[in-house]
Amino acid sequence: MSAIVTTNCPDLELIARGKVRDLYRVDANSLLFVATDRISAFDVIMQNGITNKGKLLTEISIFWFSFLKDVLPNHLITANFDEMPAKVKQYRDQLEGRSMLVKSLRVLPIESIVRGYITGSAWSEYKKKGTVCDIALPAGMQESQAFPEPLWTPSTKAEIGDHDENIHPSKAAAIIGEKHAAEMARVSVELYTKARDYALERGIIIADTKFEFGVDENDTLYLIDEVLTPDSSRFWPAATYKVGAGQDSFDKQYLRNYLESIGFDKSTGITLPDDVVKNTMSKYQEAYKLLTGKDAQL
């Protein structure tokens with residue numbers, strides 16, 4: 001089976017194609033989120049996909065939506081393809097297993113990042129300035145060390161091809177308002193903490209993750225998009241975790257490391273070698289099994 005890197009559903013209104021997801025309008029109240037097999041790194045989409053990655057990401061998101069629903073409602077209506085509208089079912093060969101029918105909400109234009117450990121761009125900034133997103137931190141922290149408390153570090157949402165911009169938490173209110181910024185900060189840390197504690201019991205450290213939120217006509221906040229997947233999070237094996245160095249991972253870091261090793265220009269997608277495709281998918285599958293205790297149904 002080949003990777004599905006784009007979908008073609010002419011009877012559905014295509015709203016957007018993101019780095020991974022194709023988004024269709026089904027009716028006035030619902031949308032269809034389709035996770036393709038595209039993969040991006042450094043905000044650049046690669047030329048070939050990772051076969052069945054979209055199905056795995058969908059299964060992981062469905063798992064977390066259920067696990068976290070007592071913290072905050074989410075936008076999922078159904079992921080059971082037999083419950084989809086007829087106009088969606090006609091594209092079963094493309095969409096089954098990788099689609100979620102979701103509520104149509106107003107998306108808040110902030111990526112809500114929670115960091116539990118200092119790594120990646122946060123570590124780079126800390127080494128230069130002693131801050132993360134301009135938040136002052138204690139002196140003497142080491143790479144991959146846990147923060148005293150999880151940090152909420154929002155970013156702007158960039159168009160495809162552009163880079164998201166990390167901002168100080170105080171700047172989020174100017175973009176989405178005081179009420180939503182305060183609620184987003186509080187609930188993001190609560191969602192992260194519950195997921196972090198669950199995952200750690202199963203051998204995975206969630207170093208950081210990205211949430212997205214939308215609001216309905218009553219201004220009620222909902223968790224949307226993907227949730228705690230290897231695409232949107234850093235997952236580290238707890239068994240080999242050691243402060244003071246970079247970590248092994250179950251996420252896209254493997255792909256990023258490969259691209260760095262070949263001098264990737266971070267501007268133009270390339271065709272990934274078969275072994276990189278295979279190894280990336282293997283890491284995603286391992287994470288899913290540790291978290292859920294099940295093999296992914298791909």
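Student: What makes up the accessible surface of the protein chain, and how much of it belongs to carbon and sulfur atoms?

Tutor: The accessible surface comes to about 13,300 Å², and 49% of that belongs to carbon and sulfur atoms. Accessible areas come from the Shrake-Rupley method with a 1.4 Å probe; for residues, only the protein chains shown count as cover. This is a predicted model: local features need pLDDT of at least 70, side-chain atom pairs count only at pLDDT 80 or more, and totals for chains, interfaces and linings use all residues. Residues are numbered from 1 along each chain as its sequence is written, and side-chain values use heavy atoms, without hydrogens and water.

Student: What share of the 298 residues is buried?

Tutor: Buried residues make up 51%. Buried means under 20% relative accessible area (1.4 Å probe, protein chains only).

Student: What makes a set of residues a nonpolar core?

Tutor: The members are buried Ala, Val, Leu, Ile, Met, Phe, Trp, Tyr and Cys residues, joined through side-chain atoms within 4.5 Å. The largest such core has 62 residues; Trp-64, Ile-206, Phe-211 and Phe-213 touch the most other members. Another core, of 12 residues, lies apart from it, with Leu-12 and Val-34 among them.

Student: Which residues is Ile-206 in contact with, leaving aside its neighbours within four places in sequence?

Tutor: Contact means heavy atoms within 4.5 Å. Partners of Ile-206 include Trp-64, Tyr-117, Leu-228 and Phe-235.

How values were computed
Buried < 20%, exposed > 50% of the residue type's maximum accessible area, 1.4 Å probe, protein only.
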